[in-house]
Amino acid sequence: MQNWIDAYSAVNLKFLLQGLWVTVEISIISVVFSMIIGSILGIIRYTKIPYFSKIVGFIIDVIRNLPLLLIIFFVYFGLPAFGFKPDTIPAAILAMTVFESMMVAEIIRSGILAVDVGQMEAARAVGMKYTQAMWHIVLPQAYKKMIPALVSQLISLIKDTSLATIIVVPELMQHAQVIYGQNANYIVPMYLALAILYFIVCYALSVVSKIIDRRLA
């Protein structure tokens, strides 16, 4: 019992919360960039630009089917061979942005396909250009349909940040490892704390997603 009390000391809990903040920070930055890049790639793949869309689609399919851990390794250990050596946190953000962008691109493409084709035709019929119709008519409807899938992907990203501990990113999992590295009796309390913290963040996001989905419906 004393080991559990010591494991949850104020110092250790503060250290864990610092790691949680880094996890959230990495997730938010990665999601913002992923949404921008993924939206562009998803639209390009949907529009079927000769040759270019197929090349983009091939790249998306390849990266989506690679393990995120492999991409993290490549960014942190492989890029220095090309003269670019990112620090641990930028490396984690870059790797996750690349991986999540491909996931988001496919969600975007699927969301656009879910919008009735008549919406685009009607917009073009009243004189809108293709880009105007896509931006003002199709995408707003598509994003409403995509909210559950995008939030689910965000939740997966938050959990995937634990993989960044392999390159010693000071996120939640790595901080827990530091704590129980000082005392093996802290392993179980730390993993329980990790489970609770991950659950709180991810469940909160799922609740927010349901609220937004209901209001938009």
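Helices α2 and α8 are roughly antiparallel to each other, because the angle between them falls in the class over 145 degrees, where under 35 counts as roughly parallel, 65 to 115 as roughly perpendicular and the rest as oblique. In this predicted model, α2 and α8 pack at about 155°, with 7 Å between their axes; the axes are lines fitted to C-alpha atoms over the stretch in contact, and angles run from 0 to 180 degrees between N-to-C directions. The contact, defined by heavy atoms within 4.5 Å, joins Asn12, Phe15, Leu16, Gln18, Gly19, Leu20 and Thr23 of α2 to Leu172, His175, Ala176, Val178 and Ile179 of α8. By class, this contact of α2 with α8 has seven nonpolar, five polar and no charged residues, where Ala, Val, Leu, Ile, Met, Phe, Trp, Tyr, Cys and Pro count as nonpolar, Asp, Glu, Lys and Arg as charged, and the others, Gly among them, as polar.

Residues are numbered from 1 along each chain as its sequence is written. Local features need pLDDT of at least 70 and side-chain atom pairs count only at pLDDT 80 or more, whereas totals for chains, interfaces and linings use all residues, and side-chain values use heavy atoms, with hydrogens and water left out.

Helix α8 (residues 172–182) also packs against helix α9 (residues 187–216), at an angle of about 160° and with the axes 9 Å apart. That angle makes α8 roughly antiparallel to α9. On the α8 side the contact involves Leu172, Met173, Ala176, Ile179 and Tyr180, which meet Ile187, Met190, Tyr191, Leu194, Leu197 and Tyr198 of α9. The contact of α8 with α9 comprises 11 nonpolar residues, with no polar and no charged ones.

A further packing partner of helix α2 (residues 10–47) is helix α7 (residues 130–160), the two axes coming within 10 Å and crossing at roughly 140°. That angle makes α2 oblique to α7. The passage of α2 across α7 is a right-handed crossing. From α2, the contact draws on Thr23, Ser27, Ser30, Val31, Met35, Ser39, Ile43, Tyr46 and Thr47, and from α7 on Tyr130, Met134, Leu139, Tyr143, Leu150, Leu154, Leu157 and Ile158. Sorted by class, the contact of α2 with α7 has 12 nonpolar and five polar residues, and no charged ones.

The protein as a whole has nine helices and zero strands, where helices (H or I, at least four residues) and strands (E, at least two) are DSSP runs numbered from the N terminus. Its C-alpha trace spans about 75 × 45 × 20 Å along the principal axes. Mean pLDDT, the predictor's confidence in each residue on a scale from 0 to 100, is 89 for the protein, and 100% of its residues reach 70 or more.

Across residues 20–209 the chain is 81% helix and 0% strand, with 21 Å between the end C-alpha atoms. Under "transmembrane region", the unreviewed UniProt entry lists residues 20–43, 55–77 and 190–212. Residues 20–43 are 100% helix and 0% strand, their end C-alpha atoms being 34 Å apart, and residues 190–212 are likewise 100% helix and 0% strand, with end C-alpha atoms 33 Å apart.

Note on methods: Left-handed = near helix turned anticlockwise from the far one by under 90°. UniProt positions renumbered as here; feature names shortened; annotations may be inferred.
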